[in-house]
There are 2 protein chains.
Amino acid sequence: MIPAVIKAEPLTGAAFRPFGDVIQEEGIAPKLINRGTTLRFNDLAQLEALDDGRIGVSLFRAPATVSFPCPIPLVECHPLGSQAFFPCEATSFLIVVHHPAHIPEVAGLRAFITNGRQGVNYARGVWHAPLLSFAPASYIVIDRIGPGSNLREYTFPQGAVTVDC
Amino acid sequence: MIPAVIKAEPLTGAAFRPFGDVIQEEGIAPKLINRGTTLRFNDLAQLEALDDGRIGVSLFRAPATVSFPCPIPLVECHPLGSQAFFPCEATSFLIVVHHPAHIPEVAGLRAFITNGRQGVNYARGVWHAPLLSFAPASYIVIDRIGPGSNLREYTFPQGAVTVDC
(Lines give C-alpha, C1' and ligand atoms only; values in the text may rest on other atoms or scores of the structure.)
Protein backbone atom coordinates (compact mmCIF):
# COMPACT_ATOMS: atom_id res chain seq x y z
CA MET A 1 0.00 0.00 0.00
CA ILE A 2 1.31 3.41 -0.97
CA PRO A 3 -0.18 5.99 1.39
CA ALA A 4 -2.01 8.76 -0.45
CA VAL A 5 -1.38 12.38 0.46
CA ILE A 6 -4.22 14.56 -0.76
CA LYS A 7 -3.52 18.25 -1.16
CA ALA A 8 -6.21 20.48 0.29
CA GLU A 9 -7.43 23.20 -2.09
CA PRO A 10 -9.20 26.46 -1.26
CA LEU A 11 -12.94 25.84 -1.42
CA THR A 12 -14.77 27.33 -4.40
CA GLY A 13 -18.28 26.75 -5.65
CA ALA A 14 -17.00 25.55 -9.02
CA ALA A 15 -14.58 23.00 -7.61
CA PHE A 16 -17.16 21.72 -5.12
CA ARG A 17 -20.00 21.43 -7.67
CA PRO A 18 -19.78 17.59 -8.04
CA PHE A 19 -20.22 17.23 -4.27
CA GLY A 20 -22.94 19.75 -3.45
CA ASP A 21 -23.19 23.46 -2.72
CA VAL A 22 -20.92 26.07 -1.19
CA ILE A 23 -22.97 28.34 1.05
CA GLN A 24 -21.37 31.76 0.67
CA GLU A 25 -22.09 35.33 -0.42
CA GLU A 26 -19.17 35.50 -2.85
CA GLY A 27 -20.19 35.29 -6.49
CA ILE A 28 -23.92 35.58 -5.76
CA ALA A 29 -25.96 38.59 -6.89
CA PRO A 30 -28.09 39.50 -3.86
CA LYS A 31 -31.65 40.85 -3.74
CA LEU A 32 -32.33 43.99 -1.74
CA ILE A 33 -34.99 43.36 0.92
CA ASN A 34 -36.35 45.02 4.06
CA ARG A 35 -36.74 48.38 2.29
CA GLY A 36 -33.25 48.25 0.90
CA THR A 37 -31.45 47.75 4.20
CA THR A 38 -30.58 44.08 3.83
CA LEU A 39 -28.99 41.91 1.13
CA ARG A 40 -30.53 38.46 0.55
CA PHE A 41 -28.21 35.89 -1.08
CA ASN A 42 -31.01 33.55 -2.02
CA ASP A 43 -31.41 29.79 -2.11
CA LEU A 44 -27.82 28.61 -1.80
CA ALA A 45 -28.30 24.87 -1.14
CA GLN A 46 -30.35 22.05 -2.58
CA LEU A 47 -31.64 20.25 0.51
CA GLU A 48 -33.04 16.73 0.27
CA ALA A 49 -34.83 14.45 2.73
CA LEU A 50 -36.15 11.18 1.32
CA ASP A 51 -38.24 8.35 2.80
CA ASP A 52 -40.53 10.14 5.24
CA GLY A 53 -37.77 12.47 6.37
CA ARG A 54 -37.99 16.22 6.84
CA ILE A 55 -35.33 18.93 6.92
CA GLY A 56 -34.28 19.93 10.43
CA VAL A 57 -31.82 22.26 12.12
CA SER A 58 -29.25 21.11 14.66
CA LEU A 59 -26.07 22.45 16.23
CA PHE A 60 -22.81 20.48 16.34
CA ARG A 61 -20.12 21.45 18.83
CA ALA A 62 -16.78 20.19 17.59
CA PRO A 63 -13.27 20.26 19.04
CA ALA A 64 -10.24 21.32 17.01
CA THR A 65 -9.42 18.13 15.12
CA VAL A 66 -7.23 19.35 12.28
CA SER A 67 -3.53 19.88 12.06
CA PHE A 68 -1.50 19.06 8.97
CA PRO A 69 -0.64 16.43 7.92
CA CYS A 70 -4.14 15.25 8.84
CA PRO A 71 -4.91 11.51 8.79
CA ILE A 72 -8.34 10.56 7.45
CA PRO A 73 -9.29 7.19 8.94
CA LEU A 74 -12.80 7.04 7.49
CA VAL A 75 -15.54 8.73 5.54
CA GLU A 76 -19.31 8.58 5.87
CA CYS A 77 -22.32 9.25 3.68
CA HIS A 78 -26.05 9.80 4.07
CA PRO A 79 -28.04 7.89 1.45
CA LEU A 80 -31.38 9.50 2.38
CA GLY A 81 -30.54 13.18 2.46
CA SER A 82 -28.25 16.14 2.08
CA GLN A 83 -26.29 17.61 4.99
CA ALA A 84 -25.27 21.25 5.31
CA PHE A 85 -22.71 22.77 7.70
CA PHE A 86 -22.13 26.43 8.47
CA PRO A 87 -19.81 27.68 11.25
CA CYS A 88 -21.42 29.80 13.97
CA GLU A 89 -18.30 31.91 14.54
CA ALA A 90 -16.30 32.31 11.32
CA THR A 91 -14.30 29.11 11.72
CA SER A 92 -12.49 27.26 8.95
CA PHE A 93 -12.95 23.56 8.48
CA LEU A 94 -11.40 20.85 6.35
CA ILE A 95 -13.55 19.01 3.84
CA VAL A 96 -12.70 15.61 2.37
CA VAL A 97 -15.18 14.30 -0.20
CA HIS A 98 -15.79 11.57 -2.74
CA HIS A 99 -18.63 11.39 -5.25
CA PRO A 100 -21.50 8.98 -4.51
CA ALA A 101 -20.36 5.39 -4.98
CA HIS A 102 -20.85 2.01 -3.36
CA ILE A 103 -17.25 2.07 -2.09
CA PRO A 104 -15.13 5.24 -2.01
CA GLU A 105 -11.69 4.96 -3.60
CA VAL A 106 -8.64 6.77 -2.36
CA ALA A 107 -7.96 8.04 -5.88
CA GLY A 108 -11.38 9.73 -5.93
CA LEU A 109 -10.91 11.81 -2.80
CA ARG A 110 -10.71 15.63 -2.91
CA ALA A 111 -9.91 17.94 -0.01
CA PHE A 112 -10.89 21.58 0.49
CA ILE A 113 -10.29 24.24 3.13
CA THR A 114 -13.05 26.76 3.85
CA ASN A 115 -12.23 30.42 4.39
CA GLY A 116 -14.24 30.83 7.61
CA ARG A 117 -17.20 32.56 5.96
CA GLN A 118 -18.23 29.53 3.94
CA GLY A 119 -20.49 26.60 4.63
CA VAL A 120 -21.16 23.56 2.51
CA ASN A 121 -24.08 21.32 1.69
CA TYR A 122 -23.09 17.74 0.94
CA ALA A 123 -25.40 16.32 -1.71
CA ARG A 124 -27.19 13.10 -0.85
CA GLY A 125 -24.84 10.13 -0.96
CA VAL A 126 -21.60 12.13 -1.14
CA TRP A 127 -18.91 10.53 1.01
CA HIS A 128 -17.30 13.00 3.40
CA ALA A 129 -15.04 13.03 6.42
CA PRO A 130 -16.77 13.73 9.74
CA LEU A 131 -16.59 17.38 10.82
CA LEU A 132 -12.93 18.52 10.89
CA SER A 133 -12.74 21.93 12.52
CA PHE A 134 -9.57 24.03 12.73
CA ALA A 135 -10.75 25.49 16.05
CA PRO A 136 -13.21 24.42 18.74
CA ALA A 137 -16.52 25.74 17.43
CA SER A 138 -20.21 25.20 16.96
CA TYR A 139 -21.75 24.66 13.54
CA ILE A 140 -25.32 24.95 12.38
CA VAL A 141 -26.29 21.73 10.60
CA ILE A 142 -29.26 21.39 8.26
CA ASP A 143 -30.04 17.80 7.44
CA ARG A 144 -32.63 15.06 7.31
CA ILE A 145 -34.53 14.12 10.45
CA GLY A 146 -36.48 10.90 10.07
CA PRO A 147 -36.72 7.15 10.37
CA GLY A 148 -34.49 4.60 8.68
CA SER A 149 -30.79 4.10 8.27
CA ASN A 150 -29.16 7.25 6.93
CA LEU A 151 -25.51 6.67 7.83
CA ARG A 152 -22.91 4.57 6.04
CA GLU A 153 -19.26 4.56 7.02
CA TYR A 154 -16.19 3.36 5.19
CA THR A 155 -12.88 2.86 6.99
CA PHE A 156 -9.67 3.07 4.96
CA PRO A 157 -6.74 0.79 5.69
CA GLN A 158 -4.74 2.32 8.52
CA GLY A 159 -2.46 5.12 7.32
CA ALA A 160 -3.81 4.99 3.77
CA VAL A 161 -5.12 8.56 3.56
CA THR A 162 -3.57 11.80 4.74
CA VAL A 163 -4.46 15.38 3.81
CA ASP A 164 -1.82 18.06 3.70
CA CYS A 165 -1.84 21.71 2.73
CA MET B 1 -52.71 57.55 20.56
CA ILE B 2 -50.48 56.68 23.49
CA PRO B 3 -47.15 55.39 22.14
CA ALA B 4 -46.29 51.94 23.45
CA VAL B 5 -42.83 51.26 24.81
CA ILE B 6 -42.13 47.54 24.83
CA LYS B 7 -39.41 46.31 27.13
CA ALA B 8 -37.01 43.85 25.52
CA GLU B 9 -36.45 40.67 27.53
CA PRO B 10 -33.53 38.22 27.32
CA LEU B 11 -34.49 35.48 24.87
CA THR B 12 -35.32 32.09 26.36
CA GLY B 13 -36.87 29.03 24.79
CA ALA B 14 -39.77 29.07 27.26
CA ALA B 15 -40.67 32.72 26.70
CA PHE B 16 -40.41 32.33 22.93
CA ARG B 17 -42.47 29.12 22.76
CA PRO B 18 -45.68 30.80 21.44
CA PHE B 19 -43.73 32.26 18.53
CA GLY B 20 -41.49 29.38 17.44
CA ASP B 21 -38.15 27.89 18.41
CA VAL B 22 -34.95 29.22 19.94
CA ILE B 23 -31.99 27.59 18.20
CA GLN B 24 -29.38 27.17 20.91
CA GLU B 25 -27.32 24.58 22.76
CA GLU B 26 -28.38 25.76 26.21
CA GLY B 27 -30.87 23.46 27.91
CA ILE B 28 -30.56 20.71 25.27
CA ALA B 29 -29.08 17.29 26.10
CA PRO B 30 -26.71 16.54 23.20
CA LYS B 31 -25.94 13.22 21.54
CA LEU B 32 -22.30 12.18 21.19
CA ILE B 33 -21.43 11.53 17.54
CA ASN B 34 -18.33 11.11 15.36
CA ARG B 35 -16.81 8.57 17.77
CA GLY B 36 -17.42 10.76 20.75
CA THR B 37 -15.64 13.84 19.46
CA THR B 38 -18.66 15.97 18.63
CA LEU B 39 -21.88 16.98 20.41
CA ARG B 40 -25.08 17.02 18.36
CA PHE B 41 -27.87 19.25 19.71
CA ASN B 42 -30.55 17.67 17.59
CA ASP B 43 -33.61 18.95 15.76
CA LEU B 44 -34.00 22.41 17.22
CA ALA B 45 -36.57 23.97 14.87
CA GLN B 46 -39.85 22.95 13.33
CA LEU B 47 -39.51 24.07 9.72
CA GLU B 48 -42.56 24.40 7.48
CA ALA B 49 -43.02 25.08 3.76
CA LEU B 50 -46.59 24.84 2.47
CA ASP B 51 -48.11 25.08 -1.04
CA ASP B 52 -45.41 23.57 -3.25
CA GLY B 53 -42.64 25.24 -1.30
CA ARG B 54 -39.43 23.65 -0.10
CA ILE B 55 -36.99 24.57 2.66
CA GLY B 56 -33.96 26.49 1.43
CA VAL B 57 -30.86 28.14 2.83
CA SER B 58 -29.97 31.77 2.22
CA LEU B 59 -27.65 34.38 3.71
CA PHE B 60 -28.81 37.85 4.77
CA ARG B 61 -26.28 40.64 5.20
CA ALA B 62 -27.70 43.27 7.52
CA PRO B 63 -26.43 46.62 8.73
CA ALA B 64 -26.54 47.64 12.40
CA THR B 65 -30.12 48.85 12.74
CA VAL B 66 -30.69 48.80 16.49
CA SER B 67 -30.05 51.39 19.12
CA PHE B 68 -32.37 51.98 22.03
CA PRO B 69 -35.00 53.34 22.13
CA CYS B 70 -35.72 51.51 18.85
CA PRO B 71 -38.77 52.52 16.78
CA ILE B 72 -40.65 49.65 15.15
CA PRO B 73 -42.49 51.03 12.11
CA LEU B 74 -43.82 47.71 10.86
CA VAL B 75 -43.97 43.95 11.21
CA GLU B 76 -44.22 41.20 8.62
CA CYS B 77 -45.33 37.59 8.52
CA HIS B 78 -45.01 34.59 6.23
CA PRO B 79 -48.31 32.72 5.88
CA LEU B 80 -46.79 29.79 3.95
CA GLY B 81 -43.77 28.88 6.01
CA SER B 82 -41.46 29.21 8.96
CA GLN B 83 -38.33 31.39 8.89
CA ALA B 84 -35.17 30.75 10.89
CA PHE B 85 -32.28 33.14 11.54
CA PHE B 86 -28.87 32.34 12.98
CA PRO B 87 -25.98 34.84 13.11
CA CYS B 88 -22.80 33.84 11.27
CA GLU B 89 -20.50 35.61 13.73
CA ALA B 90 -21.95 35.60 17.24
CA THR B 91 -24.03 38.74 16.80
CA SER B 92 -27.00 39.76 18.94
CA PHE B 93 -30.24 40.81 17.34
CA LEU B 94 -33.51 42.27 18.51
CA ILE B 95 -36.72 40.30 18.05
CA VAL B 96 -40.20 41.81 18.04
CA VAL B 97 -43.03 39.30 17.65
CA HIS B 98 -46.80 38.90 17.74
CA HIS B 99 -48.74 35.64 17.59
CA PRO B 100 -50.45 34.76 14.28
CA ALA B 101 -53.45 37.02 13.75
CA HIS B 102 -55.18 38.83 10.90
CA ILE B 103 -54.01 42.18 12.29
CA PRO B 104 -51.27 42.50 14.91
CA GLU B 105 -52.14 44.60 17.93
CA VAL B 106 -49.65 46.76 19.77
CA ALA B 107 -50.74 45.19 23.07
CA GLY B 108 -49.78 41.74 21.77
CA LEU B 109 -46.17 42.58 20.89
CA ARG B 110 -43.22 41.05 22.75
CA ALA B 111 -39.56 41.93 22.35
CA PHE B 112 -36.48 39.78 23.01
CA ILE B 113 -32.71 40.26 22.80
CA THR B 114 -30.56 37.30 21.73
CA ASN B 115 -27.27 36.59 23.48
CA GLY B 116 -25.19 36.25 20.31
CA ARG B 117 -25.10 32.45 20.34
CA GLN B 118 -28.83 32.07 19.72
CA GLY B 119 -30.93 31.87 16.60
CA VAL B 120 -34.68 31.74 16.25
CA ASN B 121 -37.21 30.06 14.03
CA TYR B 122 -40.40 32.08 13.57
CA ALA B 123 -43.35 29.73 13.29
CA ARG B 124 -45.53 30.09 10.21
CA GLY B 125 -47.72 33.19 10.43
CA VAL B 126 -45.94 34.78 13.40
CA TRP B 127 -45.62 38.54 12.93
CA HIS B 128 -42.07 39.77 13.41
CA ALA B 129 -39.98 42.85 12.82
CA PRO B 130 -37.57 42.66 9.87
CA LEU B 131 -34.03 41.68 10.88
CA LEU B 132 -32.74 44.08 13.56
CA SER B 133 -29.05 43.45 14.09
CA PHE B 134 -26.96 45.12 16.81
CA ALA B 135 -23.91 45.01 14.53
CA PRO B 136 -23.32 44.73 10.77
CA ALA B 137 -23.41 40.98 10.21
CA SER B 138 -24.48 38.10 8.03
CA TYR B 139 -27.13 35.63 9.10
CA ILE B 140 -27.96 32.19 7.80
CA VAL B 141 -31.66 32.05 6.98
CA ILE B 142 -33.65 28.84 6.56
CA ASP B 143 -37.05 29.45 5.06
CA ARG B 144 -39.53 28.55 2.36
CA ILE B 145 -38.54 28.85 -1.29
CA GLY B 146 -41.49 28.55 -3.63
CA PRO B 147 -44.28 30.12 -5.61
CA GLY B 148 -47.11 32.24 -4.25
CA SER B 149 -47.39 35.19 -1.92
CA ASN B 150 -45.56 34.52 1.33
CA LEU B 151 -45.14 38.03 2.70
CA ARG B 152 -47.62 40.21 4.55
CA GLU B 153 -46.68 43.50 6.14
CA TYR B 154 -48.45 45.64 8.70
CA THR B 155 -47.43 49.24 9.31
CA PHE B 156 -48.18 50.76 12.71
CA PRO B 157 -49.27 54.39 13.02
CA GLN B 158 -46.14 56.55 13.05
CA GLY B 159 -44.46 56.57 16.45
CA ALA B 160 -46.85 54.01 17.90
CA VAL B 161 -44.30 51.35 18.83
CA THR B 162 -40.88 51.66 20.40
CA VAL B 163 -38.72 49.00 22.03
CA ASP B 164 -36.42 49.86 24.91
CA CYS B 165 -34.14 47.81 27.12
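I began at A:N34, which is found in the loop between β3 (31-33) and β4 of chain A, with strands, like helices, taken as DSSP runs numbered from the N terminus (E, at least two residues, for strands; H or I, at least four, for helices). Phi of A:N34 is near 50°, a positive value in a residue other than glycine.

Before going on I noted that this is a predicted model, in which local features need pLDDT of at least 70 and side-chain atom pairs count only at pLDDT 80 or more, while totals for chains, interfaces and linings use all residues. Residues are numbered from 1 along each chain as its sequence is written, chains are lettered from A and ligands numbered from 1 in the order in which they are written, and side-chain values use heavy atoms, with hydrogens and water left out.

**Cis peptide bonds**

I looked up the peptide bond from A:F68 to A:P69 and found it cis, with omega near -5°; A:P69 has its place in the loop between β5 and β6 (70-71) of chain A. In chain B, the bond from B:F68 to B:P69 is cis as well, with omega near -5°, and B:P69 is in the loop between β5 and β6 (70-71) of chain B. For background, I recorded that most residues other than glycine have a negative phi, and most peptide bonds are trans.

**The contact between the chains**

I then turned to the contact (heavy atoms within 4.5 Å), which takes 43 residues from chain B and 43 residues from chain A. The buried area, meaning the accessible area (1.4 Å probe) that two parts lose on being put together, summed over both, is about 3,600 Å² between chain B and chain A, and carbon and sulfur atoms give 54% of it. Of the area that chain B buries against chain A, B:V57, B:L59 and B:R61 supply 18%, more than any other three residues.

I counted as a salt bridge a side-chain nitrogen of Lys or Arg within 4 Å of a carboxyl oxygen of Asp or Glu. The structure holds 12 salt bridges over all chains, and the count between chain B and chain A is 8. One of these pairs is B:E153 with A:R35, whose side chains meet at 2.6 Å, N to O. I also looked up B:R54 and A:D43, whose side chains meet in a salt bridge at 2.5 Å, N to O. B:R54 lies in strand β5 of chain B and A:D43 in the loop between β4 and β5 (54-62) of chain A, so the pair joins two chains.

**Strand pairing**

Two strands pair if DSSP finds at least two bridges between them. Within chain B, strand β1 (residues 4-10) pairs with strand β16 (residues 161-164) in the parallel sense over 4 bridges, and B:K7 has B:D164 as its bridge partner in β16(B). β6(B) and β16(B) run antiparallel and are joined by 2 bridges, where B:P71 stands opposite B:T162 in β16(B).

**Aromatic rings**

The rings of A:F85 and A:Y122 have their centres 5.9 Å apart and their planes at 70°, so the pair is edge-to-face. A:F85 in strand β8 (residues 83-87) of chain A and A:Y122 in strand β11 (residues 119-122) of chain A are 37 residues apart, and the pair links distant parts of the chain. Rings of Phe, Tyr and Trp (its six-membered ring) pair if their centres lie within 6.5 Å, with planes under 30 degrees apart counted as stacked, over 60 as edge-to-face and the rest as tilted.
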